[in-house]
Amino acid sequence: MLPDPVAPLGLAYLAAALTDKQHEITIADLCFVQGDKKTLGNTILSFKPDIIAVSVRNIDNVSFPNSISYLPFYKEVVSWCREYSRAPIIAGGAGFTLMPDDILTYIDADYGIVGEGEESLPKLITAIADGGQRIDVSGVITRRSSFKRQKGPSAFLDFDRIPFPRRDLLDTNTYMRYGGMGNIQTRRGCIGRCIYCTYPLIEGKAVRLRNPQKVADEIEYMKKELNIDTFFIVDAVFNYPPENAQDMCKELIKRNLMVKWSCYCSPAFASEDLLSLMKESGCTGVEFGTDSCANTVLQNLRKDFTLQDIIEASQACRKADMSYCHSLLFGAPGETKQTVIETLRIMDDINPTAVIIMTGIRIYPGTELARIAEMEGIIAEREISLNPVFYMSSAVESSILEVVGEYAQKHSNCIVPGQNIMSDYAMQKKLRHYGIKGPLWEHMKFRRQKRKASQQ
Ligand code: B12
């Protein structure tokens with residue numbers, strides 16, 4: 001399975017919220033099963049649900065040019081549910097939240113919830129149990145009503161008060177075996193203004209923090225009860241605000257839990273002090289959403305850092321002996337052959353553990369990029385629908401795949417998912433088979449060491 005299988009943390013949160021309200025729950029996870037329909041059918045027939053909730057996390061692989069849509073599979077799953085049960089079907093999830101009306105109609109669900117589900121889902125279930133005549137729950141859409149994006153999703157919740165996710169309902173051992181890590185969330189929301197990004201639409205524009213002690217309690221439980229010793233922090237940006245990130249690390253160091261973890265970081269707040277503390281608390285690698293090294297492009301994308309920050313964050317990683325990866329995104333408004341070459345040249349200088357390159361920027365409704373694309377006559381915002389459309393600066397449209405492909409062939413630290421370069425199923429399977437944990441890009445350094453040794 002490519003990319004790595006990822007445990008359905010969102011469902012585990014919903015299960016906890018429903019347990020709190022005395023509902024009986026089961027999770028039918030189709031990630032590892034052969035003959036999905038039969039497995040799902042057996043679960044439905046034995047559990048006899050009154051409500052079925054479907055989590056739509058990924059709608060596609062966001063990889064240009066090898067774009068794959070997952071929505072036909074969700075549609076099929078909903079049709080299987082209907083074959084085995086007459087229970088109303090509610091859809092939700094990160095992917096769902098991005099185009100709720102279109103997805104609801106396409107997969108043929110009865111209700112949808114936009115955004116976080118911990119509060120809305122129990123309320124919707126109660127409303128349905130009461131006859132479903134009056135549904136006044138924020139974030140809910142039905143086949144007749146439509147969600148008005150300008151109102152935002154359901155009210156953003158106080159994240160610190162939400163109960164721990166019910167990982168006991170998930171097959172965490174299998175996720176560890178094939179995915180190499182567990183997952184945990186320490187904050188929700190993102191203050192970034194990146195023109196293409198969906199995170200503020202999904203999680204809100206303000207950061208909602210959890211108490212570091214509670215996060216450490218959850219990690220301690222994961223380690224002691226579920227044997228999860230390696231995990232990914234799924235926060236949009238772990239190192240903002242830096243003070244909270246520091247407190248988080250200090251709490252882990254104090255408890256001496258001997259866990260390993262990795263996360264997304266912004267180059268803007270990646271000081272050597274923080275990175276050293278992160279390393280001491282078990283962090284093995286950070287992934288920077290760098291996108292470009294050309295200041296003009298960074299400005300156009302409304303990134304909140306500059307080339308200088310990228311260089312300094314990279315130096316700080318080296319000093320803290322932290323593996324680090326820069327994710328690049330080529331094709332932004334204002335991208336030229338020059339800005340691409342400049343960015344790749346700076347990657348040569350910086351020489352990070354890994355460079356992940358995506359070409360073309362997926363356009364989602366509700367983002368500034370959608371408005372730019374409409375203004376430039378590429379696509380009207382209301383027409384952006386289930387078929388992925390990618391923004392690509394016309395100045396690089398014809399050359400970018402070749403330039404990136406050539407660069408990747410010469411650089412053993414380079415991963416290009418859209419062109420299947422260093423990102424294939426066989427390699428992933430082999431590494432996981434040998435018990436390699438954590439993000440696979442962290443292991444590029446061993447590949448490079450091997451290549452260097454063979455050249456000597
Ligand atoms: C962290 C992350 C990753 C990490 C995950 C690491 C790990 N081990 O967990 C990595 C880097 C591996 C990753 C990979 C991918 N990711 Co990702 N990822 C995220 C991110 C930032 C957070 C996801 C998360 O865990 N959130 C925390 C949980 C608790 O929240 P949640 O799942 O959204 O659940 C809440 C709500 O959505 C809702 N909810 C969820 N299910 C349901 C169901 C019902 C019925 C209801 C009512 C509500 C509901 O309630 C939950 C609790 O509040 C999101 C962006 C974001 N900000 O959400 C992208 C995101 C989900 N990823 C995305 C994608 C595409 C992918 C990949 C396919 C990319 C690729 N080609 O490799 C893979 C797929 C991996 C997989 N097997 O699923 C897209 C999905 C949209 C799309 N276009 O499809 C997102 C939205 C980013 C984006 N581009 O906008 N990802």
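Visitor: How many bridges join strand β12 to β15, and how do the two run?
Guide: Strand β12 (residues 354–359) is joined to β15 by two bridges, and the two strands run parallel; strands here are DSSP runs of E with at least two residues, and helices are runs of H or I with at least four, both numbered from the N terminus. Two strands count as paired if DSSP finds at least two bridges between them. This is a predicted model, in which local features need pLDDT of at least 70 and side-chain atom pairs count only at pLDDT 80 or more, while totals for chains, interfaces and linings use all residues. Residues are numbered from 1 along each chain as its sequence is written, and side-chain values use heavy atoms, with hydrogens and water left out.

Visitor: OK, and which residue stands opposite C414 in β15?
Guide: That is V355, which stands opposite C414 of β15.

Visitor: What sheet is β15 part of, and in what order do its strands come?
Guide: Seven strands make up an open sheet, ordered β5-β8-β9-β10-β11-β12-β15, with parallel pairing. At its edges are β5 (182–184) and β15 (414–415), each of which pairs on one side only.

Visitor: Which helix packs on the sheet and touches β10 and β11?
Guide: Helix α13 (residues 307–319) does, touching β10 (283–291) and β11 (323–330), where contact means heavy atoms within 4.5 Å, and the direction of α13 makes about 155 degrees with that of β11. Such angles run from 0 to 180 degrees between N-to-C directions, the axes being lines fitted to C-alpha atoms, for helices over the stretch in contact. Helix α14 (residues 337–350) lies across β11 and β12, and runs at about 175 degrees to β11.

Visitor: Switching topic, what is the order of the four-stranded sheet?
Guide: Its four strands form an open sheet in the order β1-β2-β3-β4, and the pairing is mixed. The edge strands, each pairing on one side only, are β1 (52–55) and β4 (140–142), and neighbouring strands of this sheet are turned against each other by 25 degrees on average, direction ignored. Strands β2 (residues 89–92) and β3 (residues 111–113) pair in the parallel sense over two bridges, with A91 opposite G112 of β3. Helix α3 (residues 71–84) packs on this sheet and touches β1 and β2, its direction making about 170 degrees with that of β1.

Visitor: And how do α1 and α6 pack?
Guide: Helix α1 (residues 9–20) and helix α6 (residues 120–129) pack at about 55 degrees, with their axes 9 Å apart. Therefore α1 is oblique to α6, given that angles under 35 degrees count as roughly parallel, over 145 as roughly antiparallel, 65 to 115 as roughly perpendicular and the rest as oblique.

Visitor: Which residues make that contact?
Guide: L14, A17 and L18 of α1 meet L121, P122 and I125 of α6.

Visitor: What about A17, buried or exposed?
Guide: A17 counts as buried, at 6% relative accessibility. Not counting residues up to four places away in sequence, A17 touches E118 and P122.

Terms used: Buried < 20%, exposed > 50% of the residue type's maximum accessible area, 1.4 Å probe, protein only.
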